[in-house]
Amino acid sequence: MSHTFTASELSMYNGSEGDKPVYIAVKGIVYDVSASRDFYGKGGPYEVFAGRECSRALAIMKVDLAACNDNLADCTAQQLKTLEDWITKFNSKYAVVGKLAVGGCEPRFDVPDVILRSSPFTPGLVATLVVVGLLTILGAYVLYLDMQSPPPLVADGEL
Ligand code: HEM
């Protein structure tokens, strides 16, 4: 474990070039995962991890670019245990080729995923839209029934 990678150096080993090894970093340790190019290489299910520090993603079990960082601050004990299990697996399966420079993990998202992912369609807004939509349909239906019903009978002599 001699070499210290910067984040941009690590990103060069993202599997996009067929003849270059593929690396991932977990808790600052860089592993050569080239043997599993099918997983981490271009088009693979875990390609987002390639060339990146992916501790958080492994801990929270999310294959997600936003989770590819070393922020474990809000992880539960169970998630940290999950990460340790991954590390045990990687240690037994892959060669360590170096470490990531301290603070070299990029991009680092300290913002909770839920905020990163926030969309204007909050549950409240969706519920309101559904209620307004249903009321509109109901109103249109009542209007339709009203137009279908015959005009009120006018009693003789009322005019
Ligand atoms: C429907 C959900 C999932 C299924 C069915 C699934 C299935 C698999 C399978 C069959 C393997 C190969 C295992 C092996 O041969 O050792 C694998 C590997 C892997 N999975 Fe998943 N997976 C799922 C979700 C996830 C998620 C959410 C993550 C996020 C961390 C993840 C991370 C990984 C990683 C990193 C590997 C490669 C491990 C290695 O390098 O040996 N998987 N997955």
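User: Which residues surround the ligand?
Analyst: This is a predicted model, where local features need pLDDT of at least 70, side-chain atom pairs count only at pLDDT 80 or more, and totals for chains, interfaces and linings use all residues. Residues are numbered from 1 along each chain as its sequence is written. A residue is near a molecule if its C-beta atom, placed from the backbone, lies within 6 Å of it. The shell consists of V33, S36, F39, Y46, A57, L58, M61, K62, V63 and K93.

User: How many residues of the shell around the ligand are nonpolar?
Analyst: Ala, Val, Leu, Ile, Met, Phe, Trp, Tyr, Cys and Pro count as nonpolar, Asp, Glu, Lys and Arg as charged, and the others, Gly among them, as polar. The shell around the ligand has two charged residues and one polar residue. Its nonpolar residues number seven.

User: Which residues of strand 2 point the other way from Y23 and A25?
Analyst: Strands are DSSP runs of E, at least two residues, numbered from the N terminus. In a regular strand the side chains alternate between the two faces of the sheet. Strand 2 covers residues 23-26, and Y23 and A25 share one direction. Pointing the other way are I24 and V26.

User: Which residue in strand 3 stands opposite V26?
Analyst: Strands pair if DSSP finds at least two bridges between them. Strand 2 pairs with strand 3 (residues 29-32) in the antiparallel sense over four bridges. Opposite V26 stands I29.

User: Which residue takes a positive phi in the hairpin of strand 2 and strand 3?
Analyst: This hairpin has two residues between the strands. The phi in question is near 50°, and the residue is K27.

Key
A residue is buried if 20 or more other C-beta atoms lie within 10 Å of its own, exposed if 12 or fewer, and partly exposed in between; C-beta atoms are placed from the backbone.
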